[in-house]
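Welcome to this guided tour! Open your viewer, get your selection tool ready, and follow along stop by stop.

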Amino acid sequence: MDQYYLNLLVVGATFALYIGIAFWARAGSTTEFYAANRGIHPITNGMATGADWMSAASFISMAGLIAFNGYDASAYLMGWTGGYVLLALLLAPYLRKFGSFTVPEFIGDRFYSKTARLIGVLCLIVASVTYVIGQMTGVGVAFSRFLEVSNTTGLLIGAAVVFFYAVLGGMKGVTYTQVAQYIVLISAFTIPAIFISLQLTGTFLPPLGLFSEFRDTGQPILATLNTVLGDLGFASYTGQQDTDLNLFLFTLTLMIGTAGLPHVIIRFFTVPKVSDARYSAGWALVFIALLYLTAPAVGAMARLNIIDTVYPNGVGEQALAYDERPEWIRNWELTNLIQFEDKNGDGNIQIYNDANPDFESRAQELGWNGNELEVNNDILVLANPEIAGLPGWVIALVAAGGLAAALSTAAGLLLAISGAVSHDLVKGAINPNISEKGELMAARIAMAAAIAVATYLGLNPPGFAAQTVALAFGIAAASIFPVLMMGVFSKTINNRGAVAGMLVGLVVTLVYIFLHKGWFFIPDTNTFTDADPLFLSVKSTSFGAIGAIFNFVTAILVSRATASPPQRIQEMVESLRVPRGATGASAH
């Protein structure tokens, strides 16, 4: 069967499965729409959380960043997995015990303030919409290649599918859809990795293959990669290039951003008991680890495969002629995500680090006049089966997996946004007497608006999928995580302190991001770049941890300067941490 029709068949079948599940599990009440009637089993919830978590950034972009940035990109792995430990230990069980439907609802009730609740809505929407941009970027990349449509058309198709099943099923439908999506995406990520590991090292398990000998050289994969990259003027793959300060802040930002992301937190509102929230987080870590342990091997092996493709006889010999380029390069050129420019006119493809002044004399000696092949980070996992010459069904499976990863997270984010707007803004502030039917309609309208904005911004993203998502983590780290931590573990933080802290953390972080990425992500409006940051070596993706410090300090200082929280609030905080029971969801 032709590869295009095979892709269409596999992707179409998975989409039909998702929509069928949405019909089967459609929500008929607000409790089902927001929290799946509090009836999801911890293992099921853990798998759904894994799919919710492993977005386009994890599936599509992270391995690409690891491939082209090496050791420094390991911060994504450490930060994202470490954040789940924080979430499981410090927040998930307490927030489940409180019995809220949404994160802003917890903030409003704990800090006895409608204003705090509305500021929580603002922070949630800003972080979630930024996150959705990254998912829509991944959807566009996957569709543009495998269904041979334009990036814009791909975005619109993906938006329509996720909108349909998220609006119809709410949290109940999305949960079971995400279980199916997890199975699809983890199969799509690990099966090609196993094939490639066997090809290059003879080792079945990719994590072990990463530390095994490369069949062509008899050296370990990483040692071989360091050698060939050094011969082309690139930095050591296993060496640290970034500063200690930026790496530390970036890892910390991802950790606390993970623990503060609303679309992840609301998953723990769906289980029956407080203890189930902890078990859910534990199972989620197990399911996530299957992909995260494989990603470093995928990145390293893909980088080596690309270099071997361009230099089939070794980096010291003549490069591949452009007219003889393999089919996978021709296919991806059609998407403009691989671009070739014959800068020296010799008809061959040269890949090397033309920004390295120490390599300039060697490049002149070889007659090279600049790097000639630009490969977008976001294509690496999707292109991997083609690069390795794997069967067509594997290529189709990867296409379905990439779309499953992007759509599952987009659905979770849309639920977080729609819940905040309908439950916290409309019902909580504008019309407290709204009927349940009216609240459901408001949630669905909010979801439509959110997907429209995210699709529009996805056409002009501020970076690769994983980089855009990292910005969302920074926003969540600076605005949401501190107020949740103080809400659970401090009896002295009052409503004014919480509001001031959230606003300061959000504004300071957004301004720093906009200065580096463009105001409201509009291209060419930035004053600084991540290569030349405003403050020391701190990049825009790492600033969330500093924004969180601003949030904590502001909240503490303002709370000390104003009246203490009421006694009932202090007693509520004290009882919240007692490991007994859980309240039901309250109709605030």
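## Stop one: a pair of helices

Select helix α21 (residues 481-489) together with α23: the two pack at an angle of about 40 degrees, and their axes are 9 Å apart. That makes α21 oblique to α23, because angles under 35 degrees count as roughly parallel, over 145 as roughly antiparallel, 65 to 115 as roughly perpendicular, and the rest as oblique. The crossing of α21 and α23 is right-handed. A crossing is right-handed if the near helix is turned clockwise from the far one by less than a right angle, and left-handed if anticlockwise.

A word about what is on your screen: this is a predicted model, in which local features need pLDDT of at least 70 and side-chain atom pairs count only at pLDDT 80 or more, while totals for chains, interfaces and linings use all residues. Residues are numbered from 1 along each chain as its sequence is written, and side-chain values use heavy atoms, with hydrogens and water left out.

Helices (H or I, at least four residues) are DSSP runs numbered from the N terminus. Axes are lines fitted to C-alpha atoms, for helices over the stretch in contact, and angles run from 0 to 180 degrees between N-to-C directions.

## Stop two: two further pairs

Now select helix α5 (residues 74-98) and helix α13 (residues 274-292). Their axes are 8 Å apart, at an angle of about 165 degrees, so α5 and α13 are roughly antiparallel to each other. Their crossing is right-handed.

Next, pick helix α14 (residues 295-310) and helix α17 (residues 380-387), whose axes come within 10 Å and cross at roughly 55 degrees. How are α14 and α17 oriented to each other? They are oblique, and their crossing is left-handed.

## Stop three: two serines

Find Ser58 in helix α4 (residues 56-69). Is Ser58 buried or exposed? Ser58 is buried, with a relative accessible area of 1%; buried means under 20%, exposed over 50%, and partly exposed in between (1.4 Å probe, protein chains only).

Move on to Ser408 in helix α18 (residues 392-430). Ser408 is buried as well, with a relative accessible area of 0%.

## Last stop: a loop

Finish at Ile522, in the loop between α22 (495-517) and α23 (544-561). Ile522 is partly exposed, with a relative accessible area of 47%.
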